[in-house]
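Let's take a friendly walk through a protein model. Have the sequence and the 3D view open as you read.

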Amino acid sequence: MRNRVRSSIAVLAAVLAVGLFVPAAGQAPKKYVAPKTPWGDPDLQGVWNDATSTPLQRPSNVGTGVLNDEEAEEFQKSLAHDLSRDRRDGGNAADVNRAYNEHWMDARRLKITADKRTSLIVDPADGRIPPLVQASPERQKIQAARAAGAQRFAAGLPDHYTDMSWPVRCVVRTDVPPYLPTIYNNDFQIFQSPGYVAIGPEMIHSARIIPVDGRPHLNKGLRQWLGDTRGHWEGSTLVVETTNFRADEGVLFQNANPATFTITERFTRVAADSINYEFTVADPSTWTKPWTALIPWTKIDPAEQMYEYACHEDNFDIVHFLTGARLREKNGETVGQQRPAPAGGER
Amino acid sequence: MQVRRTIAFAGVAGVMALIWLAMPLSGQQRPSATPQFASTFRAQRAADGHPDLNGIWQAMVTANWDLQDHDAQPGPHPELSGAYASGPAGQSIVEGGEIPYKPQALAKKKSNFENRLRVDVSNDKTWHDLGDPEMKCYMPGVPRANYMPFPFQIVQGTSPYILFAYEFTSATRIVRMDWKQDAPTDSWMGWSRGRWEGDTLVVDVTGQREETWFDRAGDYHSDALHVVERYTAASPFHILYEATIEDPNVFTRPWKISFPLYRRMEKNVQLLEFKCVPFTEQLLFGKFIKPRDSAR
């Protein structure tokens, strides 16, 4: 009996210790209480940034879970070296691509998360996206057509503007959930009013207006590029479900199937200057099981403002890519002759 | 019986008199065919203590076709689309009716109109020279965004920012309240700084790109455009919108527009997407694709 009590205490202590040092996904440390808006919702208002060098998937050469200080420093250094565009090793072709240099990039993307994880994915435990399921013959055909277009584009020989990705065409960019860190424009501004939370991702100037008043989703007959979003509060966490994505291929992460893709996002303010952004995606026609990532959002200095990210209005590149391709065709170039991928395709 | 009927009549008359007495002052004046907002309206307060402008709003005027008086007009290709894409008639929303153009600027407005359906993006330097930016799905700028035939939503909380989210091409603008810093550079939706003057939200808009237009009639401005907007709640369901437009490069004096914004009242109303970029790609980029005979 005495032993059992003692071992229970040990287990309890271990659980507490883990709880203290490894913040569970989407769960705030006990002490912090998020401020409330005057109408009683947790207050998430502010400008936040999600840049990090911590990769979505755990690289094979690092240990699992959380690193100690020394390992973390080494990991961060090695990632920053790999990501830096101010390097001049690797030859002329690499140099040309790196002309789009660090000046244009978000410097925050050279640092790992403060909790020293080795992957943004927290589930499955190996920190990797679960294996892909084999696509149906019909989807394989669609994906092959898209891949061929992407290959023509990468070779500098796009036949058509539809050979370019949706971000290159300025239809959607990093505003499609889930929100993942990228090379720049990692800012999100959150606005709130009674019954609504609105998230403005800097790229591309859209607002995701989330009703939190319990109303049902749009009917299935109406679909949107960014889907249809509804939110509710679970304690201090904003839980967001998005449905009604359009059927277009190549919009969702890893070309997931819009017909079967589901996503739940959780926003929890865990400190005055920090939100835990956690998302779970599932798609039985793309991944063998659902997976979850946790990305810290850091509040940025209000002096550093969100700014308008226009895209389509001055999308000179799309004309350059196409006219360049027509000239190359005239010179007898074909897709087989590989050349460096054009800059500009951030995703 | 007769007595009872008389009493009933007297009772009805008395009630009518009471209703008449209780009617607002305007009801006693000479009946007018023109509806008017009650000048005594006091808006519900938002969490910030100021009038609550939260909601989904839409203009009913046809100023997007022409700020000034305009007849109904056929669409650009009536031989293809019949009455589709044709434009409604509408009255000027400009105070005094006319926009005070400088003579040369008026000529430019006319040539804008004549070239409103043309595009040529083959040269970066002349990319924006032709065509109504709306046709090309460019962010419309201010004030045009407010009178396009699409709704927009105001999200007013407690932070020093008010979000204006427009359905047209998912354009947004952030109104920064009591903000000192000037526009860092020009942008399509401009740099909006707000303040409350009594119960009116006043938004000072600078830093707008010169390429936006005011309407499909070719009305335009330069990069010196300065717009001062005034949003005043006029009923629980209306905002009175006024804007003063100043641009010494194009106009002889500042001029004013005004119209009501209507609250969208559908039970399930929400801002939807109007992502029009894919609708413009063939128009803008079609001439650069691989010729059809050799393409896929």
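## Before we start

This is a predicted model, in which local features need pLDDT of at least 70 and side-chain atom pairs count only at pLDDT 80 or more, while totals for chains, interfaces and linings use all residues. Residues are numbered from 1 along each chain as its sequence is written, and chains are lettered from A and ligands numbered from 1 in the order in which they are written.

## Chain B on its own

Chain B has six helices and nine strands (DSSP runs numbered from the N terminus: H or I with at least four residues for helices, E with at least two for strands). Of its 296 residues, 35% are buried, a label that takes 20 or more other C-beta atoms within 10 Å of a residue's own, with C-beta atoms placed from the backbone.

## The barrel

Strands of a sheet pair through backbone hydrogen bonds, either parallel or antiparallel. In chain B, nine strands form a closed barrel with mixed pairing, in the order β1-β2-β3-β4-β5-β6-β7-β8-β9; pairing here takes at least two DSSP bridges between two strands.

R176(B) has R193(B), in β5(B), as its bridge partner.

## Meeting chain A

At the interface, 41 residues of chain B are in contact with 39 residues of chain A (C-beta atoms, placed from the backbone, within 7 Å). α6(B) gives the largest share of chain B's side, four residues.

Notes. Contact = placed C-beta atoms within 7 Å. Buried ≥ 20, exposed ≤ 12 C-beta atoms within 10 Å, placed from the backbone.
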